[in-house]
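The following note concerns the pocket and the domain arrangement of the model shown below.

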Amino acid sequence: MPKDGGIGASTKRREDIRFLTGKGRYTADINLRGQAFACFLRSDVAHGRINGIDTSAAAEMPGVLAILTGEDFKEVGGNPTGWLVQSRNGETMKEPKRPVLAHGKVRHVGDAYAMVIAETFEQAQDACDAITADIEELPAIVDMAAAVADASNRVHDEISDNIVFDWGWIEDNRAAVDAAFAAAPHVTTLELVNNRLSPNPMEPRASIGDFDPGTGDYKLYTTSQNPHLSRLLISAFVMGIPENKLTVIAPDVGGGFGSKIYHYGEEAAVLAASKLLNRPVKWVCDRSEAFMTDAHGRDHVTKIELATDMEGNFLALRTETLANVGAYLSNFATCTPTFLHGTLMAGPYKTPHVYVNVKAVFTNTVPVDAYRGAGRPEATYSIERVIDKAARELGLDPWELRAKNFLTTDQFPYTTPVGLVYDTGNYHATLDKLGEMIDRNGFEARVAESRARGKLRGFGLSTWIEACGIAPSNLVGVLGARVGLFDSATVRVNATGNISVLVGAHSHGQGHETVFAQVISDKLGVPASSIEIVHGDTSKIPFGMGTYGSRSLAVCGSAMVKAADKIIAKGKKIAAHMLEASEDDIVFEDGAFSVTGTDKQKTFGEIAFSAYVPHNYPLETLEPGLEETAFYDPSNFTYPAGAYGCEVEVDAETGRVEIVSFTCADDFGNVINPMIVEGQVHGGVAQGIGQALMESVRYNEDGQLLTGSYMDYAMPRADDLPNITVDHSCATPCTHNPLGVKGCGEAGAIGSPPAVVNAVLDALHRGGITHVTHIDMPLTPSRVWAAING
Amino acid sequence: MKVTMTVNGKAMSAETEGRTLLSSFLRDGLGLTGTHVGCDTTQCGACVVHVDGKPVKSCTVLAQDVAGAEVRTIEGMANKDGSLSVIQQAFQDHHGLQCGFCTPGMVMSSAALLAENPTPTEAEVRAYLEGNICRCTGYHNIVKAVMAASGQGEQQLAAE
Ligand code: FES
Ligand code: FES
């Protein structure tokens with residue numbers, strides 16, 4: 001039994017109290033004295049040349065304080081990309097400037113080209129409507145294949161075509177892969193679309209810029225998953241505000257799922273406007289704006305081929321992908337379809353030869369970047385779909401086909417043909433666990449029972465792996481990252497013995513305030529209730545990279561452990577002095593420092609007090625105080641993995657798919673708070689089912705966004721989803737971080753879409769509808785019906 | 001125009017324009033920022049409050065139209081001594097919230113459901129909450145929390 005409040009306990013979340021009583025403090029809830037309001041004027045065409053903007057009438061409107069356009073930001077820097085990717089031919093990727101406000105051209109519906117600041121939001125909105133712009137509409141570039149084929153119509157005039165890069169991974173593997181294909185007894189080929197999604201955290205973005213003319217300090221309150229990263233980008237690249245004069249505060253943040261990793265132009269704009277007006281300037285995004293400005297996710301078109309022998313042994317895998325990056329390069333737009341996707345194409349399998357080609361393409365659409373899973377769902381979907389198709393073609397059982405190609409436990413550490421080193425795992429264990437959980441023996445009877453009701457029942461399997469705990473800085477540096485990806489924590493033991501932990505990670509639903517306190521409580525033997533977790537304010541926390549990619553516990557948690565270890569080491573020195581013993585004889589256990597083999601001891605509180613009131617203290621050799629900071633840079637990624645099963649019922653008359661059950665057997669390594677881990681999986685699976693069955697961002701050929709609200713973009717609701725059965729007992733702890741944790745936040749979104757699609761195809765085939773070999777997501781009733789009747 | 005209504009048992013007033021929504025009356029006029037705004041098409045339910053005992057999406061009601069009404073918001077849901085009410089406690093116990101943004105609306109809708117139907121089935125809970133979007137939890141634990149708050153938690157858990 002884990003100690004309540006310690007590692008392994010399903011401790012209830014302390015943050016819930018404020019959220020349940022309406023006392024959360026989200027950015028939009030913050031009102032600063034004297035604040036003005038900003039509204040952005042956004043392009044209603046996908047592609048156009050700005051010939052002129054007339055703000056004269058708007059400037060005369062009541063309450064208007066200032067109007068800014070792209071002209072005003074011409075001299076400041078562009079919003080940069082965090083990762084430089086090289087093309088196969090050795091050329092560096094193309095990287096056109098992404099301005100704060102559009103200048104010269106508008107490049108997607110929603111691209112902001114003017115900003116009004118007024119006394120009230122309504123006045124700013126009214127004045128936006130009074131701005132007249134002469135925008136000459138240009139042909140929209142929407143379809144990726146067309147964007148690649150036609151270099152004469154370009155999203156960015158200053159670069160030679162619409163291709164950001166043409167990336168091969170690993171280029172040196174290519175010949176061997178092609179040779180393996182040429183000699184293979186069987187090749188399964190599949191063309192598929194990984195549908196474009198809108199992340200849709202329920203809290204829309206918001207930002208408040210607050211310049212203090214007295215000190216010259218800037219403060220930005222914003223909806224960010226990583227306030228230090230935003231500060232760095234704004235300081236070093238966009239606005240040139242010295243880092244020490246800018247504080248970024250991300251208070252309570254209502255979900256992110258990737259979309260709040262990025263720095264957005266509105267953040268720089270409210271800072272500039274606040275400086276101009278010497279007043280705080282507040283902007284709150286509405287949902288319609290969110291749909292056309294928050295970075296979208298996925299949007300790949302892929303051809304995947306799997307070479308096997310007739311017994312189903314995987315011989316080689318090859319993919320070609322077009323990845324949409326939208327109109328501008330968002331901060332991690334270039335690494336998502338490459339290093340977070342191509343490097344995962346080995347999956348949990350021992351496929352000896354793998355080659356991945358990705359062309360990233362500019363289009364006149366909202367920028368696309370990492371969304372829950374980021375590249376890894378795309379990889380998993382392609383692999384797990386082609387394996388299912390291969391099983392059918394070869395007449396093999398999909399469970400056995402996977403199991404026979406899994407890496408085995410004696411193969412770790414295992415270097416994949418796509419450049420990762422898996423440290424540990426047990427893929428057979430999670431697959432077997434899933435088998436136990438779903439009552440495989442009763443399946444045929446359930447199929448018959450469904451058939452009796454005129455429904456087709458099917459089961460879909462998917463196994464997944466991801467690389468998270470992002471990331472070893474030296475490795476990603478070699479691969480083109482422009483940032484370090486360590487994290488940090490300060491453990492501040494206060495004089496009275498309670499503890500403040502200041503962390504670089506940011507919680508926007510993950511429950512860090514509870515879980516991180518559990519870790520420190522376990523480490524230092526102090527009750528969790530005496531431990532406070534501080535995050536989200538760059539003026540308080542050490543430099544850390546924030547939260548995304550299931551990294552918080554693996555990276556920031558490791559930094560916390562390191563800092564706590566330093567506290568213990570110092571505590572031992574203090575205890576040795578106080579107890580007149582040798583430091584080597586001091587042991588720390590259950591919150592007390594004692595001399596080994598004696599009953600002499602000092603409590604943690606006594607040591608803390610002594611550090612701050614150092615009367616009996618080795619001042620000649622030791623500084624007073626008890627506060628330690630650690631930066632942790634992981635030596636490898638972590639590799640959580642699992643097996644997911646989905647059972648569906650399809651109504652062949654209508655094409656409607658109902659999920660009967662969804663089951664997950666995961667390996668997350670050690671688990672600190674099972675309740676929270678399970679909640680993370682539920683949420684991820686819900687998003688994955690959303691992708692598989694409902695969600696899709698659509699543009700028409702003119703680049704108009706057709707899915708710009710919850711009326712047109714189908715979000716999963718309570719009655720669209722089943723209960724989700726989860727298990728994480730097959731744990732192989734990570735071998736290289738001190739907690740043995742791997743990360744769980746993205747798992748559900750990675751593993752679930754192929755399970756759902758495989759289940760639907762299984763249902764159709766069992767029902768004798770054998771001509772359908774693939775349906776692109778989302779599997780809406782009309783698509784399924786069309787496939788059946790096609 | 002100054003509008004007065006009874007909010008969480010107290011008469012409260014603020015200036016309004018004709019276009020002022022109940023959600024902004026509460027948030028901006030009265031500083032009750034527990035009521036959230038998650039969309040602009042009456043779809044997400046983050047803004048649900050009770051008006052004269054009935055759940056409404058406060059983003060879709062004009063403040064002036066409900067002048068004089070009895071309004072209850074998330075800030076008025078705790079017990080008198082400040083402890084969590086049964087439904088709030090059930091959300092915490094069953095991890096029915098993650099980022100907390102949908103939570104005020106979820107709690108208000110769930111409370112309305114239980115007032116109408118004290119022992120709903122799981123399907124009834126899912127159907128009733130159809131107007132409240134949560135992006136974090138996948139609803140699994142929200143449904144569990146509502147079932148538990150209705151006193152059916154034990155059976156429900158046993159059945160799983
Ligand atoms: S804010 Fe009222 S329904 Fe979305
Ligand atoms: S808890 Fe985040 S939207 Fe529901």
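1. By class, 14 nonpolar, 13 polar and twelve charged residues make up the lining of the largest pocket (Ala, Val, Leu, Ile, Met, Phe, Trp, Tyr, Cys and Pro count as nonpolar, Asp, Glu, Lys and Arg as charged, the others, Gly among them, as polar). The model is predicted: local features need pLDDT of at least 70 and side-chain atom pairs pLDDT 80 or more, while totals for chains, interfaces and linings use all residues. Residues are numbered from 1 along each chain as its sequence is written, chains are lettered from A in the order in which they are written, and side-chain values use heavy atoms, without hydrogens and water.

2. The lining comprises 39 residues, with A:F121, A:E122, B:L21, B:S24 and B:D28 nearest the pocket centre. Two or more residues each come from α3 (121-130) and β12 (281-284) of chain A and from α1 (22-29) of chain B. The largest share, six residues, belongs to α1(B).

3. In chain A, the domain assignment, which is automatic or from a database, gives domain 1 (16-22 + 486-632), domain 2 (31-138 + 202-255 + 260-293) and domain 3 (300-470 + 636-788). The C-alpha centres of domain 1 and domain 3 of chain A are 39 Å apart.

4. Contact (heavy atoms within 4.5 Å) joins 17 residues of domain 1 of chain A to 20 residues of domain 3 of chain A. Of the area that domain 1 buries against domain 3 in chain A (accessible area lost on being put together, 1.4 Å probe, summed over both parts), A:G549, A:S550 and A:A554 supply 33%.

Conventions:
On a 1 Å grid over the protein atoms alone, a cavity is a set of points where a 1.4 Å probe fits but cannot get out, and a pocket is an open set with protein on both sides within 12 Å along at least five of seven lines; lining residues have an atom within 4 Å of a point. Helices (H or I, at least four residues) and strands (E, at least two) are DSSP runs, numbered from the N terminus. Buried area is the accessible area (1.4 Å probe) that two parts lose on being put together, summed over both.
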